[in-house]
Amino acid sequence: MKPRTEAEKKAVTNRLKRIEGQVRGIQKMIDEDRYCVDILVQISAINSALKRVGFEVAERHIKHCVSDAVKSGEGDEAIDELMDVLNQFTK
């Protein structure tokens with residue numbers, strides 16, 4: 001298994017920090033009694049951002065971890081594990 005590069009770590013970390021900021025923004029919107037639709041739009045944006053991070057992590061997992069498992073003869077287990085996680089991810 002190939003470790004994440006510093007660039008990969010930084011990109012995901014930065015994205016997660018932005019999401020964290022968005023969540024704090026929603027908390028502030030609630031405290032300020034902002035319009036519900038505006039809050040829902042922000043929640044939708046956070047959901048989309050989290051899904052994007054999840055897909056990026058899944059892509060890396062497939063290209064590295066699952067690919068390596070297939071090459072080493074352990075592909076069925078890795079694919080089953082991935083399918084279980086993807087099933088949870090899409091709920």
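Which residues does Arg60 touch, not counting residues up to four places away in sequence?

## Arg60 and its contacts

Arg60 touches Lys2, Pro3, Arg4, Glu8 and Cys65, once residues up to four places away in sequence are set aside. The structure discussed here is a predicted model. In it, Arg60 is placed in helix H2.

Is Arg60 buried or exposed? Its relative accessible area is 11%, and because the limit for a buried residue is under 20%, Arg60 counts as buried.

The model holds 8 salt bridges. Side chains of opposite charge can pair when their charged atoms come close.

One of the salt bridges joins the side chains of Lys9 and Glu6, with an N to O distance of 3.5 Å. Both residues belong to helix H1, which covers residues 6–31. Lys9 and Glu6 are 3 residues apart, about one turn of the helix. Lys9 has 38% relative accessibility and so counts as partly exposed, whereas Glu6, at 60%, counts as exposed.

Glu20 and Arg24 also meet through their side chains in a salt bridge, at 3.3 Å from N to O. This pair lies in helix H1 too, with a spacing of 4 residues, about one turn of the helix. Glu20 is partly exposed at 42% relative accessibility, and Arg24 is partly exposed at 48%.

How exposed is Lys28? Lys28 has a relative accessibility of 52% and therefore counts as exposed. Glu32 has 42% and counts as partly exposed.

Salt bridges can also share partners: Arg15, Arg52 and Glu56 are joined into one network in this way.

## Loop between H1 and H2

Asp33 is found in the loop between H1 and H2. Asp33 is not a glycine, yet its phi is positive, about 60°. With a relative accessible area of 70%, Asp33 is exposed.

Tyr35 lies in the loop between H1 and helix H2, the latter running over 36–71. At 53% relative accessibility, Tyr35 counts as exposed, since the exposed class begins over 50%.

## Surface patches

Which residues form the nonpolar patch that includes Tyr35? The patch consists of Tyr35, Val37 and Val41 on the surface. Together these residues have about 290 Å² of accessible area.

A patch of negative charge is also present on the surface, where Glu74, Asp76, Glu77, Asp80, Glu81 and Asp84 gather. One of these residues, Asp84, lies in helix H3, which spans residues 75–89. Asp84 has 52% relative accessibility and so counts as exposed.

Technical notes. Residues are numbered from 1 along each chain as its sequence is written. This is a predicted model: local features need pLDDT of at least 70, side-chain atom pairs count only at pLDDT 80 or more; totals for chains, interfaces and linings use all residues. Side-chain values use heavy atoms; hydrogens and water are left out. A salt bridge is a side-chain nitrogen of Lys or Arg within 4 Å of a carboxyl oxygen of Asp or Glu. Helices (H or I, at least four residues) and strands (E, at least two) are DSSP runs, numbered from the N terminus. Buried means under 20% relative accessible area, exposed over 50%, partly exposed in between (1.4 Å probe, protein chains only). Patches are made of residues with over 30% relative accessible area and no salt bridge: like charges are joined within 9 Å, nonpolar side chains (Val, Leu, Ile, Met, Phe, Trp, Tyr) within 5 Å. Accessible areas come from the Shrake-Rupley method with a 1.4 Å probe; for residues, only the protein chains shown count as cover. Lys and Arg count as positive and Asp and Glu as negative; His and the chain ends are not counted. The place of a charge is taken as NZ of Lys, CZ of Arg, CG of Asp or CD of Glu. Contact means heavy atoms within 4.5 Å.
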